[in-house]
Amino acid sequence: MIRETLEKLSKEAAEQINEALAKENALEMLERIRVLYFGRKGKITELLKDVGKLSQAERPEAGSLVNQVKKSIEASLESAIQGAKKRKRESRLKSERLDVTLPGKSPKIGSLHPLTQIERDISAIFARFGFSVVRGPEVETDWYNFESLNIPKDHPSRDMQDTIYISNDLLLRTHTSPVQIRVMQQVKPPLRILCPGAVYRHDFDASHSPMFHQIEGLLVDEEVTFGDLKGVLGFFAREFFHESKVRFRPSFFPFTEPSAEMDIQCFICHGKGCVVCKQSGWMEILGCGMVDPSVFKHVGYDAERYQGFAFGIGIERPAMLKLGIPDIRLFFDNDVRFLRQFQ
Ligand code: DAH
């Protein structure tokens, strides 16, 4: 009788274990089977209790039969649990597998803005003559921007139409020339400086931006002549534009006397005349001149002993000419498709 029951039980258990193993939640199912057979009210537990109630004579045999079945179910349950655990671990490892041979994500590397590149190229040329780079504030006082540079009160550049004022006395510098004054106030001659930076004017079209850039140059020493100015600026033109023909036209700036503008022969048509140079054969590059003694007086330099030359180069125009950029606004739109071309 008990033999039959036990046989049925082992068969049942074996089937249940097999079924459980096929399920997604095999471990959970197997735990339920364990309780079903070996729990406090489990089928084997109950049988063992029944054995206790048998007579002394029947007990040993029945007991050993139940124990055999118990051990065999326990063993197959245990191996099923181990198998299910292994399978679970393997499937997790598979789903979390890392392919270390996949290419990494390459970081997007930025690049210098074309105007920064041009500024550095220009600075590097003047550095060979011993010019060092100095920067000044973009918000200036009327005195530094105009007065100290000998620009009279009624000068047209002081007009609200041209200058962006912050208050009566404060403004956005309209040129980099005030940096000359700031440096001369602090340093005794001789000096050779280059002052790059942003400047501001009320102006906006394809060739004018309300914010643009200049590089101011200043050299002060004893026995400086206009010949030195021509030599240094001619060298710059050759190095930067690879164009050796330059010309100096008389001009006027309040802070230099005499003043001039330097043109280079058009490096597109080499003087024949084209659209870029508007058929003139020349390109206007910079303003320059010998420092006016009245500027020296403003900073306490001895105008009898020292002379100097100064120049102001706009950065955008040479950059547009050299890089073939048709519209100044492209520099400031920050369109990466434009900027990437100059990486
Ligand atoms: N500051 C002038 C301007 O913005 C440029 C300039 C001309 C600077 C002649 C100079 C110079 O130092 O000597 O138009």
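Just after helix H10 (residues 316-323), Gly324 takes a positive phi of about 70 degrees, where helices (H or I, at least four residues) and strands (E, at least two) are DSSP runs numbered from the N terminus. This is a predicted model, in which local features need pLDDT of at least 70 and side-chain atom pairs count only at pLDDT 80 or more, while totals for chains, interfaces and linings use all residues. Residues are numbered from 1 along each chain as its sequence is written, and side-chain values use heavy atoms, with hydrogens and water left out.

Within H10 itself, Glu316, Pro318, Ala319, Met320 and Leu321 are buried, meaning under 20% relative accessible area with a 1.4 Å probe and protein chains only. These buried residues pack against several elements, including helix H5 (114-127), strand S5 (211-221), helix H8 (226-241) and strand S9 (307-314), contact being heavy atoms within 4.5 Å.

S5 and S9 run antiparallel and are joined by 8 bridges, and Leu219 has Phe309 in S9 as its bridge partner.

Elsewhere, the axes of helix H3 (residues 43-53) and helix H4 (residues 59-95), lines fitted to C-alpha atoms over the stretch in contact, come within 9 Å and cross at roughly 170 degrees, on a scale from 0 to 180 degrees between N-to-C directions. That makes H3 roughly antiparallel to H4, the term for angles over 145 degrees.

Conventions:
Angles under 35 degrees count as roughly parallel, over 145 as roughly antiparallel, 65 to 115 as roughly perpendicular and the rest as oblique. Buried means under 20% relative accessible area, exposed over 50%, partly exposed in between (1.4 Å probe, protein chains only). Two strands pair if DSSP finds at least two bridges between them.
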